[in-house]
Amino acid sequence: MSISTGPIASRGESSASRLTSLMLAPASRRSLRQLLLAIVLPVLVIVLWQWAGNGGSLFGGVLPTPDKVWHAWKVWAFGSTGLSLNPYSGTWLANLLFSAERVGKGFVAAIVVAVPVGLAIGWNRIASGALDPTVQLLRPIPITAWLPFSIAVFGIRDMGAVFLIALGAFYPIVVNTAQGARDIERNLVRAALMMGAGRWTILRRVVLPASLPSIFTGLRIGLGIAWTAVIVAEMVAVKSGLGYVLWDAYYVGRMDVVIADMATIGLLGLISDRVILLIERWVLAWRRLQSFQS
């Protein structure tokens, strides 16, 4: 006698599908709600800005309305790069890539130096006594104060901009990394010592993983400062990139291009911050599992 399991299997599959849909629905609604909350304020500002514009501008013609900024950005992004009288026509992508490349190089250089230095300061008293006073002495010096030094040493070249970006991103990364290493749960260190682990093993297997949340906080802050530093550097130390375009456009009175440039910088900063958050969620997935189990 044979028993057909087809209907039962179908009912099981449909139940599983309904259960999956019910589980995903709250997450989808939450994501949609977060997206709406994120865009409501910018949209409101743009609408009010456009509504307040008198003849397409504000403040006596100094500040163009969003429709004029949008038109300027379209020409800047998609305009002809041939014999155009507009020096900003079709150069948006090239300048964006110049700035993004400099930020990437400077940010990676800052990570390579700041994370080991921060771990050493937070974990080793001798390293802390030798390194931390110098870091705290140099940290209050603003990036703009380093501009003459950068130009004198590196000249009007990319290396000067990369140096300023790395310097700006270095301090928040090293300070947060050091704090994360200092706040290690001492019972974890004692347990590792009881199991025969050496100092290097403890640093690599205990201190570094436990410091990662603080390190990622420093990375997010450092990346924001890196985008600030690249604009400052490109205004003076190089002759290309978003910072150079921003200063040049202001000099010739193209405030529509200036605001389009500012919006581009803000979007790039937002996107890069979201990338860091995604990497953090992937690297620190164990924390979510630990919180769920507890």
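Predicted model: local features only at pLDDT ≥ 70, side-chain atom pairs only at ≥ 80, totals over all residues.
## Basis of the model

Local features are reported at pLDDT of at least 70 and side-chain atom pairs at pLDDT 80 or more, while totals for chains, interfaces and linings use all residues. Residues are numbered from 1 along each chain as its sequence is written, and side-chain values use heavy atoms, with hydrogens and water left out.

## Salt bridges

The whole structure contains 6 salt bridges (a salt bridge is a side-chain nitrogen of Lys or Arg within 4 Å of a carboxyl oxygen of Asp or Glu). One of them joins Arg102 to Glu234, with 2.7 Å between the closest N and O atoms. This pair links distant parts of the chain, 132 residues apart: Arg102 belongs to helix 3 (residues 92–123) and Glu234 to helix 8 (residues 199–236). Helices here are DSSP runs of H or I with at least four residues, numbered from the N terminus. Arg102 and Glu234 are both buried (buried means under 20% relative accessible area, exposed over 50%, and partly exposed in between, with a 1.4 Å probe and protein chains only).

Asp273 forms a salt bridge with Arg220, and the closest N and O atoms are 2.9 Å apart. Asp273 sits in helix 10 (residues 255–283) and Arg220 in helix 8, so this bridge ties together parts that are 53 residues apart in sequence. Asp273 counts as buried at 14% relative accessibility, whereas Arg220, at 32%, counts as partly exposed. Asp273 also meets the side chain of Arg274 in a salt bridge, at 2.7 Å from N to O. Arg274 is partly exposed, with 41% relative accessibility. Elsewhere, salt bridges that share partners join Arg102, Asp158 and Glu234 into one network.

## The largest pocket

Rolling a probe the size of a water molecule over the atoms shows where empty space is left. On a 1 Å grid over the protein atoms alone, a pocket is an open set of points where a 1.4 Å probe fits, with protein on both sides within 12 Å along at least five of seven lines; lining residues have an atom within 4 Å of a point. The largest pocket has a volume of about 680 Å³ (the space filled by probe spheres set on the points, which are joined across faces, edges and corners). It is lined by 21 residues, of which Ile46, Ile259, Ala263, Thr264 and Leu267 are the closest to its centre.

Helix 1 (6–52), helix 2 (66–78) and helix 10 each supply at least two lining residues. Helix 10 gives the largest share, 9 residues. By type, the lining has 19 nonpolar residues, 2 polar and no charged (Ala, Val, Leu, Ile, Met, Phe, Trp, Tyr, Cys and Pro count as nonpolar, Asp, Glu, Lys and Arg as charged, and the others, Gly among them, as polar).

## Aromatic pairs

The structure holds 9 aromatic pairs (rings of Phe, Tyr and Trp, the last by its six-membered ring, with centres within 6.5 Å; planes under 30 degrees apart count as stacked, over 60 as edge-to-face and the rest as tilted). The ring centres of Trp73 and Phe78 are 5.5 Å apart and their planes stand at 90°, so this pair is edge-to-face. Trp73 is buried at 18% relative accessibility, while Phe78 is exposed at 64%. Ring pairs link Trp70, Trp73, Phe78 and Trp92 into a cluster.

Phe170 and Tyr171 also form an edge-to-face pair, with ring centres 5.3 Å apart and planes at 80°. Phe170 is buried at 14% relative accessibility, and Tyr171 is buried at 8%.
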